[in-house]
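This note is meant for a colleague who is meeting the structure for the first time. The points below may be read alongside the sequence and the model.

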Amino acid sequence: MTDDLHAVLARIDAWLEANAPADLVALNPPAAKDDIEAIADRRFPLHPDLVTWLGRHDGVTATKGHGGPGVILPAGFILSGAEGMRAGQRTMEEAIAEWVDENESEHPGLRDIYDGVYGYLFHARWVPIATDITGGKLILDHRDGDRFGNVLYGLHGGDTEGPVKVWDSLSHMFRDLLVALTEGTEIRLPGYADPVTPHLTGTGSDAFVRWESIHGRGG
């Protein structure tokens, strides 16, 4: 799986270099090994796909927000770097502690509720990897078993259900991205009304990808 992901990421970079160079420039260089290891800091093992991705690009520097160069994922998701992922995981831990403190007096068994998911929004082994303009997150699931490595979508305030699985893995996500970029196919994410397809905007070194719905709205 990891070797396949190396190849997929190399092909994405090559496509961006040839067609959307502003996107490639906005992607950061590789993350430092120490920064990658600090995400979990021995709390749990990091999925190899995440290590592979961060070893190629430490997220993105999106200089024009969710609609500018570097936003290579649909729906305006900006990929976080290792430092942002670490901060997101620690925020989860803090939110769990606060939520349990507020509710445990009435329900002493809360530490086992929702299979470790608190308030529908928090789990200590969820690592947020990207954020959209509404505050929604793509999350890499690090829980044991078949869920290990799933890419989830959710974490909107006020949610009454937990995040939903979007891809089986980061490898699957980036493979879908590669196919969409090279063949113009659609990607549909939960919570968004329409599927979106990639379209190039700008020319020369300023060209980058924008995701548009079938009705012409930016994605």
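Is Asp13 buried or exposed? The numbered points begin with that residue and then turn to the chain as a whole.

1. The model is predicted. In it, Asp13 has a relative accessible area of 11% and is therefore buried, since the cut-off for that class is under 20%. Asp13 belongs to helix α1, which covers residues 2–19. Its side chain makes a polar contact with the side chain of His57 at 2.9 Å. Setting aside neighbours within four places in sequence, Asp13 is in contact with Leu24, Leu27, Arg56 and His57.

2. The chain contains six helices and seven strands. Their order along the sequence is α-α-α-α-β-α-β-β-β-β-α-β-β. Of the 219 residues, 47% count as buried. The accessible surface of the chain comes to about 10,700 Å², and 49% of that surface belongs to carbon and sulfur atoms. Among contacts with a separation of 6 or more, 55% are accounted for by residues 24 or more positions apart.

3. In soluble globular proteins, nonpolar side chains tend to be buried together. Here, the largest nonpolar core has 49 residues, and those with the most contacts inside it are Leu50, Leu54, Ile129, Leu138 and Phe174. Helix α6 (residues 170–183) supplies the largest share of this core, with seven residues. Leu54 may be examined in particular: apart from neighbours within four places in sequence, its contacts include Pro30, Ala31, Ile36, Ile39 and Met85.

4. Where does His142 lie? His142 is found in the loop between β3 (137–141) and β4. With a relative accessible area of 1%, His142 is buried. The side chain of His142 reaches the backbone oxygen of Leu140 at 3.1 Å. Not counting residues up to four places away in sequence, His142 touches Phe44, Pro45, Leu46, His47, Leu50, Arg125, Val127 and Phe148. One of these, Leu50, is also listed among the residues with the most contacts inside the largest nonpolar core.

5. Two aromatic pairs are present in the structure. One of them joins Phe77 and Tyr153 in an edge-to-face arrangement, with 5.9 Å from centre to centre and 85 degrees between the planes. This pair links distant parts of the chain, as its members are 76 residues apart: Phe77 is in the loop between α4 (48–54) and β1 (78–79), whereas Tyr153 is in strand β4 (residues 151–154). Both Phe77 and Tyr153 are buried.

Technical notes:
Residues are numbered from 1 along each chain as its sequence is written. This is a predicted model: local features need pLDDT of at least 70, side-chain atom pairs count only at pLDDT 80 or more; totals for chains, interfaces and linings use all residues. Side-chain values use heavy atoms; hydrogens and water are left out. Rings of Phe, Tyr and Trp (its six-membered ring) pair if their centres lie within 6.5 Å; planes under 30 degrees apart count as stacked, over 60 as edge-to-face and the rest as tilted. Helices (H or I, at least four residues) and strands (E, at least two) are DSSP runs, numbered from the N terminus. Buried means under 20% relative accessible area, exposed over 50%, partly exposed in between (1.4 Å probe, protein chains only). A polar contact is a pair of N or O atoms within 3.5 Å; within protein, one must be able to donate a hydrogen and the other to accept it, and residues adjacent in sequence count only if both atoms are side-chain atoms. Contact means heavy atoms within 4.5 Å. A nonpolar core is a set of buried Ala, Val, Leu, Ile, Met, Phe, Trp, Tyr and Cys residues joined through side-chain atoms within 4.5 Å. Accessible areas come from the Shrake-Rupley method with a 1.4 Å probe; for residues, only the protein chains shown count as cover.
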